[in-house]
Amino acid sequence: NLEKIISENNMRLFKGFYYSNDGLIKRQLYSSLWTLKKLGKLQSKVIFIHYSYLLLFFVVICKMIKRKDFLVIADCHNKALRRSVNNPFSFIYEGIKKWTFRQTDITIITNKGMIPDIEKYHKNYFILPDKIPNFEVLKETKKKEKYCVFISSFAVDEPVDEIISVARNIGNDVKIYWTGKKNRNINLPKDIPTNIIFTGYLSNHDYYKLLSNADCILILTTEDNCLQCGAYEGLNANVPMVISDNKASRDYFEEAALYTKIDSQKISETIFDSLQMTSEEASLKSKIVRLKREAEFIDLIDNLILEIKSKLKL
């Protein structure tokens, strides 16, 4: 829809991307400058960015120096919006963050639970949950083991110690496939239970196949009102899901998930509850919620486009 509007109004669509993971400075500074160099050669009227502190700062500076008639739309995830700096210069960090948000035309957030966080900076926000992925469900006809998948990126908000305790609680009859590349900043004990299997990086095909045949998918975070990508994927896979209990998750996933507090005993009990669900029951609940959310997403996109058009005076 957005590309159609761009075409109808003789605008150009630039899809630019550069990413380096060779250290914090190169990832943040060099990637931001590379993007600005590309943008400087275009007469863009709308710039969408996945929120980055430095990138938004540079884009706003560019807007002020070069021209003032293009829109800046920042897609802002929970952690970046809530991140703070605890040092003597934190007031500078917060001051720049507040100033850049005030220059941003629209900030996209994923749920109502993030409203208090964004309203500390400005009120030009739009609520848009992520689109549910539409990957092929790759079911195996002869499944040999019972297993859960803990979708992980080894981030600091994930309950690492609790999952290890859960593995011990549920016993060797149920395996836990733990996805994601291990982070050196996350300390894992040496006595990992034998029913935990670290998958490391998986191709899309292998990852979706793993989800499609799971008896349960774990999507857990200590971050409040955080809608995680893994939960959207689980919704498409039609598999029982165990999700962190918060209002944003309950409002979005409704009866398509079981909810738990971040406590090893509570998580274990909820997993056992999920294993009692039949595949038909889980599939039906997921399908009902998925169709509802897909229809809502289309309406939200239309509303976002109308808001963009009004700001562009089209």
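Author: A nonpolar core is a set of buried Ala, Val, Leu, Ile, Met, Phe, Trp, Tyr and Cys residues joined through side-chain atoms within 4.5 Å. Buried means under 20% relative accessible area, exposed over 50%, and partly exposed in between (1.4 Å probe, protein chains only). You're looking at a predicted model, where local features need pLDDT of at least 70 and side-chain atom pairs count only at pLDDT 80 or more, while totals for chains, interfaces and linings use all residues. Residues are numbered from 1 along each chain as its sequence is written, and side-chain values use heavy atoms, with hydrogens and water left out.

Reader: Let's start with the whole chain. How many helices and strands are there in it?
Author: Helices (H or I, at least four residues) and strands (E, at least two) are DSSP runs, numbered from the N terminus. By that count, the protein chain has 12 helices and 10 strands.

Reader: What share of the residues in the protein chain is buried?
Author: The accessible surface of the chain comes to about 17500 Å², by the Shrake-Rupley method with a 1.4 Å probe, where for residues only the protein chains shown count as cover. Carbon and sulfur atoms hold 52% of that surface. Among the chain's 314 residues, the buried share is 45%.

Reader: Which residues of the largest nonpolar core touch the most other members?
Author: That core has 28 residues. Those touching the most other members are V149, L211, I217, L235, M241, I243 and F253.

Reader: Which helices and strands each supply at least two residues of this core?
Author: There are helices as well as strands on the list. They are β5 (146-150), α8 (204-212), β8 (216-219), α9 (229-237), β9 (241-244) and α10 (247-253).

Reader: There's another core apart from it, I gather; how many residues does that one have?
Author: I47, Y51, Y53 and L81 are among its members. Its count of residues is 24.

Reader: Back to β8. Which of its residues point the other way from C216 and L218?
Author: C216 and L218 point one way from β8, and two further residues face the other way. All four are buried. The pair facing away from C216 and L218 is I217 and I219.

Reader: How do β8 and β9 run, parallel or antiparallel?
Author: Two strands pair if DSSP finds at least two bridges between them. On one side, 3 bridges join β5 to β8 in a parallel run, and C148 stands opposite C216 there. With β9, β8 has 3 bridges as well, and I219 stands opposite I243. The run of β8 and β9 is parallel.

Reader: What does I217 touch, beyond four places away in sequence?
Author: Contact means heavy atoms within 4.5 Å. Leaving out residues up to four places away, I217 touches V149, I151, L211, G234, V239, P240, M241 and V242.

Reader: Why is α9 said to be largely enclosed, and by what?
Author: Of the 9 residues in α9, 8 are buried, among them Y232 and L235. Those buried residues pack against α8, β8, β9, α10 and α12. So α9 is largely enclosed by the rest of the structure.

Reader: How far apart in space are Y252 and R290?
Author: Y252 is found in helix α10 and counts as buried because its relative accessibility is 8%. Y252 touches residues including V289 and R293. Y252 and R290 are 38 residues apart in sequence, and their C-alpha to C-alpha distance is 9.7 Å.

Reader: What distance does α12 reach from its first C-alpha to its last?
Author: Helix α12 covers residues 279-312, which makes 34 residues.

Reader: Which residue's side chain makes a polar contact with the side chain of T110?
Author: T110 sits in the loop between β3 (106-109) and α6 (115-118), and T110 is buried at 9% relative accessible area. A polar contact is a pair of N or O atoms within 3.5 Å; within protein, one must be able to donate a hydrogen and the other to accept it, and residues adjacent in sequence count only if both atoms are side-chain atoms. At 3.0 Å, the side-chain partner of T110 is N111.

Definitions and conventions: The expected span of a helix is 1.5 Å times one less than its number of residues.
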